[in-house]
Amino acid sequence: MDVENDAEKIKFSYLLDTFGLEQHVTQATHRSGHILDLLISKQGDRDLRIENTQTTGEISDHQVVRANLTLMKPKILRSNIWVHSTKTMDTNAFRDDMMEWVNTLVPRELSTEQLAECYNSGLTEIFNRHAPLKKTKITSRPRPEWINDELLALKRRVRQAERKSKVTQNEEHILAWKQMKIDYRKTLRFTKSNYVNDKIASCGNDSKQLFITVNELLGRGKPNPLPDHNNDGELAELFNDFFISKIQRIRDSMDGEELFIPSVHSSSSFTDLESCSEKAVHKIISNMKSTTCGSDPLPTKYVKNNIDILLPLITKIVNLSLSRGEFSSLWKTSIIIPLLKKSTLDHEIKNYRPVNNLPWISKVVEPLITFRKCLLNRIVIITAYGHMTNKGFRYLQLK
């Protein structure tokens, strides 16, 4: 690793950089004066600090590599947050009020914008009534997902046995404590192994989900860090100004560029889109992830749990948007989340990219507009994998 122009060294260094790793040994580790023994860690790892790396003493023709490794103990974060008290919510009363509200709203003749506003305000009012906001203090303690109640109970029994053996100094109690430690470690390894196997098996043939799962298991899915700041509002304004100016620079750079106008391959046209049935809307909703945007009036899991009540209203919203060619301005308003482009970059605003989080209802309307039967039957022929779930983009051929 000390020969700069060595082909194998160049390949290995590229491999380390590809996987976000770094090598810490800088002194010769072999009798011939070359670096053959390495100490490798993840780049930018904030939980591990490696210092004073040096080589001492020869065991054979290699020297011993020594270093000071400091593992940073995760900080216990305490904060006050506002949450909906859903544990005490009367589910039956919640459903009854929602049913009454839907039955009142569906027959009314409203525009798309008015219906979208009623959807947001009505669900917000009902949810706040049955699950009012309350301020609570939370303590964030990192805990692996494979640690279950059975393991925690077993760990408590091991500690009880340890305390008992130290007090009594009885040989029988000491042996019982040691055996319980062995049993706990075996159970821990077995539980962790089953958890990892189940996570990977649940991905099935979905390669995208498999990559996400592997990144989570390797610790690459850590919370997104933000730049150091004293005021959240000021930081949000800085991000807002930076992203707006960045987009404006891109637009300015495109001024004067010749626009690409595709040639027309078909004289077919359409003037309206077929309305959706409740069955089609329900299928789209059931296949969607239960992600919730901060501007949603009701968490998505409650929408899905009560879809039998809300389905007529959602279907009316979709069909109204299709028939009038309107897309509510509420669905175009998104929450921007700044994400660090690469974990090894400094936490500076220029190193972040914007990711928008749209309201959930807009994600229901959009695919139903795109995949309308009228559009697919009269204009577009799918020649490969286009418009298929979990398939990469392929070209579409027009009639």
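1. The 20 residues of α4 should span 28 Å at 1.5 Å a residue, and its end C-alpha atoms are 29 Å apart, which agrees. The expected span is 1.5 Å times one less than the number of residues.

2. Leu151, Leu154, Val158, Ala161 and Ser165 are the buried residues of α4. Down the helix axis they fall within an arc of 80°, so they line one face of α4; the arc is taken from the directions from the axis to the C-beta atoms. Buried means under 20% relative accessible area, exposed over 50%, and partly exposed in between, with a 1.4 Å probe and protein chains only.

3. The model is predicted: local features need pLDDT of at least 70, side-chain atom pairs count only at pLDDT 80 or more, and totals for chains, interfaces and linings use all residues. Residues are numbered from 1 along each chain as its sequence is written, and side-chain values use heavy atoms, with hydrogens and water left out.

4. What do the two sides of α4 carry or pack against? The buried residues pack against α5 (171-201), where contact means heavy atoms within 4.5 Å. The face turned away from the buried side carries the exposed residues Asp149, Arg163, Lys166 and Val167.

5. Just after α4, Gln169 has a positive phi of about 55°.

6. There are seven aromatic pairs in the structure. Rings of Phe, Tyr and Trp (its six-membered ring) pair if their centres lie within 6.5 Å; planes under 30 degrees apart count as stacked, over 60 as edge-to-face and the rest as tilted. One of the pairs is Phe239 with Phe243, which is stacked at 5.7 Å centre to centre and 25° between the planes. Both residues lie in helix α7 (residues 232-254), four residues apart, about one turn of the helix, and both Phe239 and Phe243 are buried.

7. Phe239 also pairs edge-to-face with Tyr352, at 5.3 Å centre to centre and 75° between the planes. Phe239 lies in α7 and Tyr352 in strand β8 (residues 352-357), so this pair ties together parts that are 113 residues apart in sequence. Both Phe239 and Tyr352 are buried. Together with Phe242 and Phe243, Phe239 and Tyr352 form one aromatic cluster.
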